Amino acid sequence: MKDDIKIFSTNTDCTEVKLALQQSLQKSIQALQSNPKNNIVKEKTDCTASYTVKSTLANLGKITNYHYKKAIQKRKEDEVQWREVKVLKKLRMTYSISDYKDFFNAYCRASSFERRDVIDNLFKKLGL
């Protein structure tokens, strides 16, 4: 029953999926190149075919990762809270304990509009 939940049970399953994706991409590229109406596409696919395969395979691990999906879902649900958590986490790592405590106490006393302004400004300044 637990095996039904897993996406890939072993590394060989993952490798098989990658090979299947690569083969299907190659077939679609060949189909585009064999059609005489697609002369323009043929020239472009020659240059970008290997890039497309590599980027698709690289993104496969990313989009099947549970933690990545959960993070994207949290950001879509409430982006303001996501920004707040991200900024406060960065400040917690850079400030000393007493400085962070002072900042957080002042932050909690501020109104919601002031908090939003502070988070937006810090998000830009910290480059997040």
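A residue counts as buried when its relative accessible area is under 20%. In this predicted model, buried residues make up 12% of the 128 residues in the protein chain.

Q: Why is F123 called buried?
A: The relative accessible area of F123 is 9%. Buried means under 20%, so F123 is buried.

Q: Where does F123 lie, and what does F123 touch beyond four places in sequence?
A: F123 lies in helix 6. Not counting residues up to four places away in sequence, F123 touches W82, R83, K86, V87 and L128. F123 and K86 are 37 residues apart along the chain, and their C-alpha atoms are separated by 8.3 Å.

Q: What makes up the largest nonpolar core?
A: Nine residues make up this core: V87, L88, L91, Y100, F103, Y107, I119, L122 and F123. The elements that give two or more residues to it are helix 4 (79–94), helix 5 (97–109) and helix 6 (112–126). A nonpolar core is a set of buried residues of listed kinds, Phe among them, joined through side-chain atoms within 4.5 Å.

Q: Which residues is I119 in contact with, leaving aside its neighbours within four places in sequence?
A: I119 is in contact with R83, E84, V87 and Y107.

Q: Which residues make the contact of helix 5 with helix 6, and how do they divide?
A: Helix 5 brings F103, Y107 and C108, and helix 6 brings R115, V118, I119 and L122. They divide into six nonpolar, no polar and one charged. Arg counts as charged, so R115 of helix 6 is the charged one.

Q: What pattern does the protein chain follow, and how many helices and strands are there?
A: The pattern along the sequence is α-α-α-α-α-α, with six helices and zero strands.

Q: Where is confidence lowest and where is it highest?
A: Confidence is lowest in helix 2 (residues 39–63), at a mean of 65, and highest in helix 5, at 93. The mean pLDDT of the protein chain is 78, and 75% of its residues reach 70 or more. Where pLDDT is low, the predicted coordinates should not be read in detail.

Note on methods
Residues are numbered from 1 along each chain as its sequence is written. This is a predicted model: local features need pLDDT of at least 70, side-chain atom pairs count only at pLDDT 80 or more; totals for chains, interfaces and linings use all residues. Side-chain values use heavy atoms; hydrogens and water are left out. Buried means under 20% relative accessible area, exposed over 50%, partly exposed in between (1.4 Å probe, protein chains only). Helices (H or I, at least four residues) and strands (E, at least two) are DSSP runs, numbered from the N terminus. Contact means heavy atoms within 4.5 Å. pLDDT is the predictor's confidence in each residue, from 0 to 100.
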